[in-house]
Amino acid sequence: MKFLLLLSALGLCWAQYAPNTKPGRTSIVHLFEWRWADIAQECERYLGPKGFGGVQISPPNENVIINNPSRPWWERYQPISYKLCTRSGNEDEFRDMVTRCNNVGVHIYVDAVINHMCGNGVSPGTSSTCGSFFNPGSRDFPSVPFSAWDFNDGKCRTSSGDIENYNDAYQVRDCRLVGLLDLALEKDYVRSKVAEYMNHLIDIGVAGFRIDASKHMWPGDMKAILDKLQPLNTTWFPEGSKPFIYQEVIDLGGEPIKSSDYFDNGRVTEFKYGAKLGTVLRKWHGEKMAYLRNWGEGWGFMPSDRALVFVDNHDNQRGHGAGGSSILTFWDPRLYKMGVAFMLAHPYGFTRVMSSFRWPRYFVNGKDINDWVGPPNTNGVIKEVTINPDTTCGNDWVCEHRWRQIRNMVMFRNVVDGELFTNWWDNGSNQVAFGRGNKGFIIFNNDDWPLSSYLQTGLPAGTYCDVISGDKIGDKCTGIKIYVSADGKAHFSISNNAEDPFIAIHAESKL
């Protein structure tokens, strides 16, 4: 009996680290600023069939409308209430999206903004996505309701009321982040209102939450909120399933607040991952791909079973929120595809793919002064995500998740899930290869000279389609063919001038 109780306790303890994806689906995609109607369609026509496990969506709750000079993407991170209406759609459209995505095995993960409400400098009124009244000056948000009692103004120790020193953990957690009104999450009333919002989303059928600005909340306050969350909707999830939790904590080292402070609550975003991988692939500071042999914990990252990893996110692809200029993005497509492929082939962490929109970059003194620009829109109304005949996206939606090289590496990760990291090879420089048990093998050439090597793949003998240069369609390859001999070896040849200087094969790409 004691053993059963222990197993039960362990199950509950581990629940919030499990992403709740369907078996055989191992990655999620962030469809940044997409409309709910477009996400529903994308789940049915693409994400489900292509093996994606879920979608991280932009915050679904009412936010302030900023017309200065035109609606920026970051207005989504300034809540007014917990009503479900934004530029992406209303509650009916949200429910329809969740239902349709769940029905094709693609789950929804909500970006939950629970640390704060809108900025203290926003004018009072009804300029919000549901038309709710609010008054930041008097801390009045009647649609929740929150009042002056529910904020940390009296607790913050700085003269400005904002965070002034990131080496003071009390400031970081009790003061305003860039003027955003900081909620008093130590109060049970505030915790209950936040949990009420999250439970409403769980009732509708979401699978989990990205907790925005987790670094700015005390871990104990967050735990008290998470303890109030109910199990997931049994229409789509096993009885007793807990929501997947992953917390945004920017920890590049050197500050008192650590990622590990938050491990008890769920997974944590590993910001060092994209920053370091970008440095290596750009070959800065003498870094080489050969050094990636012990990638993961060996590089000082958090334990794999606590990490959510990504090459870039909506913040740092714009130069915000950790990583600096090393971050790889769709603006550098050749290196970006290599970085995402490495992430998806390597066993470390739970992976999230980025899907972006273009904006008109304009640099002044090395800074993009258009980093605020919101999603493609007409008079503030988000544009539809249109699909071109070649399956790429129109209307300035980038849709990296639809790039053949990335989409096929999502499937690669599904195929090799649970297999060991094996058969590492490198040339001492920037040509590397590794396998995943007997299910997959990938090889990169990031050097300035050609690669030609005969390597042990660990795969059964046969002819395989390279899923980077093309697809396996029926009994044919539209790209390169790789022949694996009876001893598991194969010859690889990759030009240093190739558009995509890497090759990947897996069990399901075998003819």
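This briefing walks through the folds, packing and local details of one protein chain.

The model is predicted, so to speak of local features a pLDDT of at least 70 is needed, side-chain atom pairs count only at pLDDT 80 or more, and totals for chains, interfaces and linings use all residues. Residues are numbered from 1 along each chain as its sequence is written, and side-chain values use heavy atoms, with hydrogens and water left out. Two pieces of architecture are described below: a barrel of eight strands and an open sheet of four strands.

**The barrel**
- Eight strands close up in the order β1-β2-β3-β6-β7-β8-β9-β10, with parallel pairing. Strands here are DSSP runs (E, at least two residues), helices are DSSP runs too (H or I, at least four residues), and both are numbered from the N terminus. Two strands count as paired if DSSP finds at least two bridges between them.
- From one strand to the next, the twist averages 30°. Angles run from 0 to 180 degrees between N-to-C directions, using axes that are lines fitted to C-alpha atoms, for helices over the stretch in contact.
- Strand β9 (residues 307-309) runs parallel to β10 and is joined to it by two bridges; Val309 has Thr351 in β10 as its bridge partner.
- Helix α2 (residues 36-47) lies across β1 (27-31), β2 (54-57) and β3 (107-112), at about 160° to β2. Contact means heavy atoms within 4.5 Å.
- Helix α5 (residues 188-204) lies across β3 and β6 (208-211), and runs at about 145° to β6.

**The open sheet**
- Its four strands follow the order β15-β16-β17-β24 and pair in the antiparallel sense. The edges are β15 (421-426) and β24 (502-506), each of which pairs on one side only.
- Neighbouring strands of this sheet are turned by 10° against each other on average, direction ignored.
- Five bridges hold the antiparallel pair of β17 (residues 440-445) and β24, and Gly440 stands opposite His506 in β24.
- Helix α8 (residues 333-345) packs on the sheet, touching β16 (431-436), β17 and β24, and its direction makes about 150° with that of β17.
- Helix α9 (residues 404-416) also lies across β16, β17 and β24, running at about 40° to β24.

**Charges and surface**
- The whole structure holds 32 salt bridges, each a side-chain nitrogen of Lys or Arg within 4 Å of a carboxyl oxygen of Asp or Glu.
- One of them joins Asp174 and Lys155, with 3.7 Å between the closest N and O atoms. This pair links distant parts of the chain, 19 residues apart: Asp174 belongs to helix α4 (residues 169-174), and Lys155 to the loop between β4 (116-119) and α4.
- Tyr362, Val364 and Ile369 make a nonpolar surface patch of about 270 Å². Patch residues have over 30% relative accessible area and no salt bridge, and nonpolar side chains (Val, Leu, Ile, Met, Phe, Trp, Tyr) are joined within 5 Å, like charges within 9 Å. Areas come from the Shrake-Rupley method with a 1.4 Å probe, and for residues only the protein chains shown count as cover.
- Tyr362 sits in the loop between β10 (350-355) and β11 (363-364).

**Backbone details**
- The peptide bond from Val144 to Pro145 is cis, with omega near 0°, and Pro145 lies in the loop between β4 and α4.
- Asn379 has a positive phi of about 55° although it is not a glycine; Asn379 is in the loop between β13 (377-378) and β14 (381-382).
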